[in-house]
Structure formats: C-alpha cells, structure tokens
Amino acid sequence: MMPILLALWISNRKVYRAHKLWKAARRAGHDIGRDQTARLMKQLEIQGVSRHRRVRTTRPDESATRPQDLVDRDFTAARPNRLWVTDLTFVSTWSGVAYVCFIVDAFSRRIVGWRVASNMRTQMVLDALEMARWSEAPALKASLRIPMPDLNSRASDTVNVLPRSERCLRSGRSVIRSITPWPKQ
C-alpha cells in the first residue's frame with residue numbers, strides 16, 4: 001500500500017495531507033483507513049502542505065532572567081484592583097493576524113484594559129496597562145513604578161499601574177513573561 005500512497009502523493013504535486021490522500025486512495029478504489037494513511041505517510045516521511053501559517057506569539061529570550069512568581073499561581077483577590085492578570089492572544093482575520101492584550105481584574109473578572117494591534121510589540125501591552133490604569137483611576141489612590149524587564153529585556157522600562165500597597169504587577173499567564181519585541185523591519 002505504501003507505493004500506491006507515494007504514487008498518489010507525487011501525482012498530486014506533493015501537496016496532499018493525510019485526509020486528502022486518504023480520499024484520493026478511496027476514489028482510486030483502494031480500501032484503506034484514514035488513520036492508516038496517516039501512519040503510512042509518517043513511515044514514508046512525506047507530508048502535505050498546510051494552507052495555514054503557524055503564528056508564533058512568543059519568542060523567549062533564553063539569556064533573560066525570569067521574574068519570580070509573586071502570587072504562587074493563586075489568582076484570587078479579596079477586593080477589586082488588588083490583582084490584575086493579563087492574557088495575550090491572536091485572532092486570524094481576512095486581512096491578517098490581530099494581536100489582542102487584555103488586562104483583567106482578578107476579583108471581578110472585569111476587563112479593565114485592552115489593546116488590539118497588528119503586531120505584538122511591547123507597546124501594545126503598555127497601552128493596555130495604561131488603559132487599565134486610567135479606567136481605574138478613581139479607585140487607585142497612588143501609583144507605583146514597576147520595572148518591566150520581562151516584556152522586552154530592558155530593565156529601564158517602567159510603567160505606573162498599581163496602588164502603592166501592591167508590590168508589583170502580576171501576570172496571570174506565563175506568556176507575558178517570555179515576550180521579546182519583534183525585530184524592527
């Protein structure tokens with residue numbers, strides 16, 4: 001069966017993945033299962049072409065020091081504006097990829113800041129933090145300058161986000177800890 005699958009794969013310009021190759025083999029009159037087709041393709045070391053481009057959202061800097069986990073993975077808060085967590089994600093659109101950053105209050109689970117951008121640079125996260133800071137300004141009594149070396153590996157960047165009683169901004173997802181800026185084009 002392996003030579004038949006290889007011939008079908010070559011005759012279809014080497015673009016068929018397991019599902020389409022299985023359909024082509026069935027149309028040609030061969031009784032083969034889809035999982036068997038995938039296994040044989042793996043043994044033949046052939047694979048099809050994917051239409052979707054894999055989006056890599058993080059590029060960790062292995063030489064950078066990782067910040068300590070100040071909340072010990074406990075993302076609960078006794079009052080509003082005591083703990084903010086963040087999530088970075090991407091959304092595929094017809095015109096490309098849109099990157100989204102949300103800042104969420106751990107107590108109320110309310111989005112207090114957000115930002116959408118066509119790239120995933122540090123400025124997107126800082127804009128979301130600034131929106132959260134300004135949207136919660138009446139509730140915040142004083143601000144604290146927080147070093148953010150984990151965002152772009154430069155310890156000089158700071159941001160005003162939390163009241164003085166808080167020790168630092170805490171990330172709800174490990175994604176924010178490994179972000180480095182994309183190369184400038």
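Residues are numbered from 1 along each chain as its sequence is written, and side-chain values use heavy atoms, with hydrogens and water left out. Because the model is predicted, local features need pLDDT of at least 70 and side-chain atom pairs count only at pLDDT 80 or more, whereas totals for chains, interfaces and linings use all residues.

**View 1. Overview of the protein, with five helices and five strands.** Helices (H or I, at least four residues) and strands (E, at least two) are DSSP runs numbered from the N terminus, and along the sequence they follow the pattern α-α-α-β-β-β-α-β-α-β. Of the 185 residues, 36% are buried, where buried means under 20% relative accessible area, exposed over 50% and partly exposed in between (1.4 Å probe, protein chains only).

**View 2. The largest nonpolar core, with 15 residues.** Such a core is a set of buried Ala, Val, Leu, Ile, Met, Phe, Trp, Tyr and Cys residues joined through side-chain atoms within 4.5 Å, and here Cys 101, Ile 103 and Met 124 have the most contacts inside it. Two or more residues come from each of strand S1 (84-93), strand S2 (96-105), strand S3 (111-117) and helix H4 (122-135), and the largest share, six residues, comes from H4. Leaving aside neighbours within four places in sequence, the residues in contact with Cys 101 (heavy atoms within 4.5 Å) include Leu 88, Trp 114, Met 124, Val 125 and Ala 128. A second, separate core of 12 residues includes Leu 5, Trp 22, Ala 24 and Met 41.

**View 3. The packing of helix H1 (residues 2-11) against helix H2 (residues 18-27).** The axes, which are lines fitted to C-alpha atoms over the stretch in contact, with angles from 0 to 180 degrees between N-to-C directions, lie 10 Å apart at an angle of about 110°. H1 and H2 are therefore roughly perpendicular to each other, a term that covers 65 to 115 degrees. Leu 5, Leu 8 and Trp 9 in H1 meet Leu 21, Ala 24 and Ala 25 in H2, and the residues of this contact divide into six nonpolar, no polar and no charged.

**View 4. Glu 45, in the loop between helix H3 (34-44) and S1.** Glu 45 is a residue other than glycine with a positive phi, near 60°. Because its relative accessibility is 73%, Glu 45 counts as exposed.

**View 5. Asn 81, in the loop between H3 and S1.** Asn 81 has a positive phi of about 60° although it is not a glycine. At 6% relative accessibility, Asn 81 counts as buried.

Terms used: Parallel < 35°, antiparallel > 145°, perpendicular 65-115°, else oblique. Nonpolar A, V, L, I, M, F, W, Y, C, P; charged D, E, K, R; others polar.
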